[in-house]
Amino acid sequence: MDGFPILTTMMLVPLAGAILCLFSGGAAARGIALAATLATFALGVLLWMNFEIGGPQWQFTERAELFEGFAYALGIDGISLMLIMLSVFLMPICILASWTSINKRVGEYMAAFLFMEVLMIGVFAAQDLFLFYIFFEAGLIPMYLIIGVWGGDNRIYASYKFFLYTLFGSVLMLIAMFWMVGAAGTSDIPTLMQYNFDGDAQFWLFLAFFASFAVKMPMWPVHTWLPDAHVQAPTAGSVILAGVLLKLGGYGFIRFSLPMFPEASGELAWMIFALSMVAVVYTSLVALVQHDMKKLIAYSSVAHMALVTASLFAFNVQGLEGAMMIMLGHGLVSGALFLCVGVIYDRLHTREISRYGGLSINMPYYATFFLLFTMASIGLPGTSNFVGEFLALAGIYQVSTWVAFVCTTGIILGAGYMLYLYRRVAFGAQNNEDAAAMPDMDAREWSMMAAIAAVVLWMGVYPESFLAPMRADIAALDARIASAAPADDSQLADGPARERAANAITFEAHERGDH
Amino acid sequence: MQTQILLIVFLPLLASIVAGLVNKNAPSVFAKSITTGALFVSAALSWPIFLAFLNGSAIAEVVPVLKWVESGSMSFDWALRVDTLTAIMLVVINSVSALVHLYSWGYMEEDPDQPRFFAYLSLFTFAMLMLVTADNLVQMFFGWEGVGLASYLLIGFWFKKPTAGAAAIKAFVVNRVGDLGFMLGIFGTFLVFQTTSITEILEAAPAMSGTTIGFLGMRLYTMDILCILLFVGAMGKSAQLFLHTWLPDAMEGPTPVSALIHAATMVTAGVFMLCRLSPMFETAPAALMIVTVVGAATCFFAATIGTTQWDIKRVIAYSTCSQLGYMFFAAGVGAYNVAMFHLFTHAFFKALLFLGAGSVIHAMHHEQDMRYYGGLRKQIPLTFYAMLAGTLAITGLGVYHLGVGFAGFWSKDAVLEVAFARGTEISVMSFWLGVIAALLTSFYSWRLMFLTFWGKPRWIESEHIQHSVHKTPEEAGEDTTGGYHPHESPIAMLIPLVLLTVGAIAAGQVFAPSFLDDATFWASSIFYNENLMHAMHAVPYWVKYSALVVMILGFAGAYLAYIAKPELPAKFVAAVPWLHRFVYNKWYFDELYDRIFVKPAFWFGRQFWKLGDIGTIDRFGPNGIAWVVERSSGATKSIQSGYLYTYALIMLLGLIAAITWVLL
């Protein structure tokens, strides 16, 4: 791989595909998009295979100085690698998911997805602060278009909301970036990750970045754009929104907030904890009362992401790795759940839960996959999400039993709303004739579901494949932030030992003679 | 042993996958044979291992399987641990599971979804085996949740019935409340011991007994709080008081499921966990006190409800709940071997009772209400004798001085005696509650027998029977059978009944010496309290005979009320209607939980959504801004449709500014 600019190639392939799509009609555009995303995925596999675990922190680096203070600099560590893999894995599935359901302006639609893929790879690979900013913000433009052009009836309101929240956050972040580059004299991200800003500055910088990342997460109370965006977006849009765009916030925290402003992160951890605790309980309860499948899953995403934020600020290895694993697992599982919604939406054109029922009868294979992803979503051991949730909560517990307790109630509420959803969709009698007449999944839908299901189980049974590339980077991050860690509330303290065994009793032989 | 244990655990998984993936149109006999075959192989391989531990020729070992998770200092792997405790569970799980698989050939014969059923059964068995072979707490949790999933799927097996779907969710969610405790317990344990390996935790636990730790603002003894948290998990899985509400509803599942999961194996996982971690619990006196109290309270409470129910399966379900209570308070007083012994014998006789009830239900055209049974003794004699053996076992018939008794006699009497012998206030209270519960057990068990097998047939009152004979009670007139002829079950169902009958009769007699008095048999796989065992044998005779006395009293009471003077129960209800109502309605736990948990959750959800998200955040956030913009420019539309360009422009301007800033 020496010297081959694989990251740039991975961006050029979908870019070329996008341009081709723009100039070709429906059927051809689908084929081109699928070929381009599959090729990019193949490159991604190559990237992963050549990633040297235990090698240098930043690998596959490319650098071209454009002008002073701004460079086209790419490079990845294990964290970026995993998120890039997630993106390039989900992309072909998104194209397949749109295969029959998108019939207007197919070329432009496919181009929008391919552009987005370019920008998503860019955002996780950028090593220059401003390059990151461009990818970070521009990545949302295709998403606006996907919602605004191919979305549902209320798409304008949804994309307006999305826009408004995002704008607010990104302006503050940009100002902070100016200041940082001015103070540190470089826009190189790896350098900035080692730079020590002074305490006060860290505080304000942290808040500015927080404004942007909190919206992207999204954290309570700036989460209300997400349900609307999901509801209005076409299926593939929801998949990529939940699967990749929601990971931008978490990536931001782990790449910028924690290493660049460790002291401020430690000081403000209480705020993150508070917001996360509220989010877990609040959005889980809101999810419980939804009538619209996509809204329900969207609210559940907010609850899951709250666990990510809380565990990131636990300041320990389990918390950080747990957060990464939840992000990867959630990307797959909530993406798959939106696909599950899409499969039946394509047949009946409604997301209203009560319009379905008894689908286990006429769509048994669908019901099986839906069950698997439901179980993964509620963190059943053996699936991807368990590993993440378990590590995250174990990490949180080490810093605060209160936060761990409240966040762990999420496993009860999560089981509640997901199983309630599953029961209303797949169990019960077939009350609606049209729903009862729906055919089971076809080969295209099978391939999408089976691919994700395989990875979900892989990640649950042998997560080492995913943890190993990130291990050194997480350890380095943990070492960098360790000194700023907030105090824990467990405070194990020594005391005089008590009796050896609680039920130690003496038995005297003469008692045997009592009777 | 390495190959055997791998086969024992993974054959059921393999069979489950094959049976689940096989084409829906293929004959179901394929899926049935492969799962049943796998289970019989597993069972056949399990017994030699158990016997090897019994004669002391086997030693404990751990078979590594695959790396699982390594994160910083936290690391746990897939591995299979086999020791005495595991070996006992292996024979219980695989024997009962194999018999239940076989039984289901008959019981589920007419069901169109048999491959799915058998796949779930085998999946359950796999998860349960993973639980009992776990070498670390996380794999135990994997098995824990795996059996929960299988239980959810099997309770909801007849998912077209709304009650089945509701019961399935309830089982899962209530168990999750327990899991909250279990998970926090694991996290706390990791925090304290920096490991999740059970062996390492148990070794380090005694040294920690004096330490204190903060939990939710409280300062507590470390071992107490950890054990209490873990015990909350056990309460959920084993349906102990406060977290018991899911178990009776779980009877919505097919009867073979009730026998395997909700009687013999899964629900005993909590007891198993306590025994597996017994050296840890021995360092936590306060936690053990709670275990004792909860166990004793459950054993009494569930037994009271059992005396009033009409549904044959619900009676047995409450009976299970009650028997699990016995196991817990035995563990609570430090007699983990006695708890395991009762678990062992209970698995046989309770599976027998459930499968017998299934045979009755099968004969009675899926009628489960005992008010519509009666006089079945002569119609289905084999089932009757099997149930009789099960009843004699659960009520604990046996005579101390003769040294003979049914399975329950050996284990339940040991539980009562050891509670008495322990001699603390709490343990003696448990003894008395246990004696009262034994009286109630005898009463409701014989009540079940008398209502089902004795008296005159009352079949025609049953709607199920009316459907089959096409007669209403009026048309049937004097003939209370309605012309219905119950048939004995097919051979596939009778073989398991016969084999389990052998277990219910002999399991106590044969294995009591090893389980109760042989420290070398246990080989440190649990905390074995030798002094306590001696004290147990030395209790006064009135203690030893108390169980037999109440057993006879219960029998007499039931005989009086349901054979000699059948008008008595109605009179009793009329005399104390409030008491009957309270007990019949299961102490109103469901209603209470509905009011304080379920309804408020939905109410808060709606409030947060309507008033929080829509009414506050959106109203003053994005909508508010839109309103301001509209007011000031009257051009919302243009803003909204032009937002993309605005956005791109702002981003571009920002970047230009940034570049300029840097360049200057």
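Buried here means under 20% relative accessible area, with exposed over 50% and partly exposed in between (1.4 Å probe, protein chains only). Keep that handy for the tour.

This is a predicted model, so expect pLDDT of at least 70 for local features and 80 or more for side-chain atom pairs, while totals for chains, interfaces and linings use all residues. Residues count from 1 along each chain as written, chains are lettered from A, and side-chain values use heavy atoms, without hydrogens and water.

**Ring pairs**

Rings of Phe, Tyr and Trp (its six-membered ring) pair if their centres lie within 6.5 Å; planes under 30 degrees apart are stacked, over 60 edge-to-face, the rest tilted. That gives 101 aromatic pairs over all chains.

Select A:Tyr109 and A:Trp150 first: the ring centres are 5.1 Å apart and the planes at 75 degrees, so you're looking at an edge-to-face pair. A:Tyr109 is in helix α4 (residues 106–125) and A:Trp150 in helix α6 (residues 140–150) of chain A; helices are DSSP runs (H or I, at least four residues), numbered from the N terminus. Both residues, A:Tyr109 and A:Trp150, are buried.

Now hop to B:Tyr120 and B:Phe157, with centres 6.5 Å apart and planes at 90 degrees, so edge-to-face. The pair ties helix α4 (residues 114–132) of chain B to the loop between α5 (137–155) and α6 (162–193), parts 37 residues apart in sequence. B:Tyr120 is buried at 17% relative accessible area, and B:Phe157 is buried at 1%.

**Charges over rings**

Next, pick A:Arg424 with A:Tyr420: the arginine lies over the ring face, 3.8 Å from the centre. The cut-offs are NZ of Lys or CZ of Arg within 6 Å of the ring centre and within 35 degrees of the ring normal. Finish at B:Lys32, whose charged end sits over the ring of B:Trp105, 4.8 Å from its centre.

How values were computed
Helix = DSSP H or I, 4+ residues; strand = E, 2+ residues; numbered from the N terminus.
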